[in-house]
Amino acid sequence: MASNPSVDMLSKVIEQQMLQTTEMVEQHLDTEIEKYEKMGGEELENLRERRLESMKKAQLQKQEWLSKGHGEYREIPSEKDFFQEVKESKNVVCHFYRDTTFRCKIVDKHLTILAKRHVETKFIKLNAEKAPFLSEKLRIKIIPTMVLVKDGKAKDYIVGFDDLGCTDNFTTETLEWRLGCAAIINYSGNLMERPFQTQKKSVTKMDKRTIRRKNNDSDSDDD
């Protein structure tokens with residue numbers, strides 16, 4: 001069977017690119033090794049001390065965050081507590097929920113994961129029905145709404161699931177990306193790529209009946 005010239009040419013191009021990439025990585029490693037070899041004992045010791053100091057500072061910062069309630073997703077009982085919580089932490093995600101809105105349970109699931117993943121940010125929830133003044137002040141009309149607070153001020157809102165692919169089946173990574181876009185967490189991924197992938201789930205007859213029943217529920221505070 002005769003080979004395809006186009007395929008052969010593409011294979012050669014890919015092979016050449018891989019070789020060039022490998023050479024660049026090797027050159028970088030050689031440069032780093034050479035730099036360390038030229039360092040004297042005192043320079044290496046100073047470098048080690050700086051790294052240890054940096055690690056100590058990071059650990060102290062983490063301990064401070066944990067002492068302020070970071071690292072877990074928790075409910076606060078009142079509006080008064082909200083003001084204290086946002087006052088003592090630079091970055092806060094507050095989920096305004098309602099017991100009768102099933103989509104709030106979906107948000108709970110994802111925020112529980114993200115609270116452990118991003119200790120630098122505080123994750124809390126507040127029953128909107130028990131916070132009428134705050135809900136009016138922040139113009140909370142749709143449940144669920146996540147208020148993203150930076151330096152004590154509401155900087156952004158995630159209202160419903162419109163920013164999350166308009167689906168109940170969005171992934172934790174999708175919400176994580178959205179929070180990263182608001183600079184409310186330290187996001188390590190590429191903000192230019194929208195991870196609107198959804199979780200795989202087979203829909204059974206029971207699922208369809210449940211979906212129809214849930215769709216009849218209103219998520220608006222205007223109901």
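How many bridges join strand E1 to E3, and do the two strands run parallel or antiparallel? In this predicted model, 3 bridges join strand E1 (residues 73-75) to E3, and the two strands run parallel.

**View 1. Strand E3 and its partner strands.** Arg 74 has Ile 124 as its bridge partner in E3. Strand E2 (residues 91-97) is joined to E3 by 6 bridges, again in a parallel arrangement. Here Cys 94 stands opposite Ile 124. From E2 the chain passes through helix H4 (residues 103-117) to E3, and this β-α-β crossover is right-handed.

View 2. Because 6 of the 6 residues of E3 (residues 122-127) are buried, the strand is largely enclosed by the rest of the structure.

**View 3. The aromatic cluster of Phe 82, Phe 83 and Phe 96**. The count of aromatic pairs comes to 3. One of them, Phe 82 with Phe 83, is edge-to-face, with 5.6 Å centre to centre and 80° between the planes. Phe 82 counts as buried at 5% relative accessibility, whereas Phe 83 is partly exposed at 36%. The rings of Phe 82 and Phe 96 have their centres 6.2 Å apart and their planes at 55°, so this pair is tilted. Since Phe 82 lies in helix H3 (residues 79-88) and Phe 96 in strand E2, the pair ties together parts that are 14 residues apart in sequence.

**View 4. Lys 125 and the ring of Tyr 97**. Lys 125 lies over the face of Tyr 97, at 4.3 Å from the ring centre.

Notes:
Residues numbered from 1 in each chain as written. Predicted model: local features only at pLDDT ≥ 70, side-chain atom pairs only at ≥ 80, totals over all residues. Heavy atoms only, no water. Buried < 20%, exposed > 50% of the residue type's maximum accessible area, 1.4 Å probe, protein only. Helix = DSSP H or I, 4+ residues; strand = E, 2+ residues; numbered from the N terminus. Pairing = 2+ DSSP bridges. Right-handed = clockwise from strand over helix to strand, strands pointing away. Phe/Tyr/Trp six-rings, centres within 6.5 Å; stacked < 30°, edge-to-face > 60°. Lys NZ or Arg CZ within 6 Å of the ring centre and 35° of its normal.
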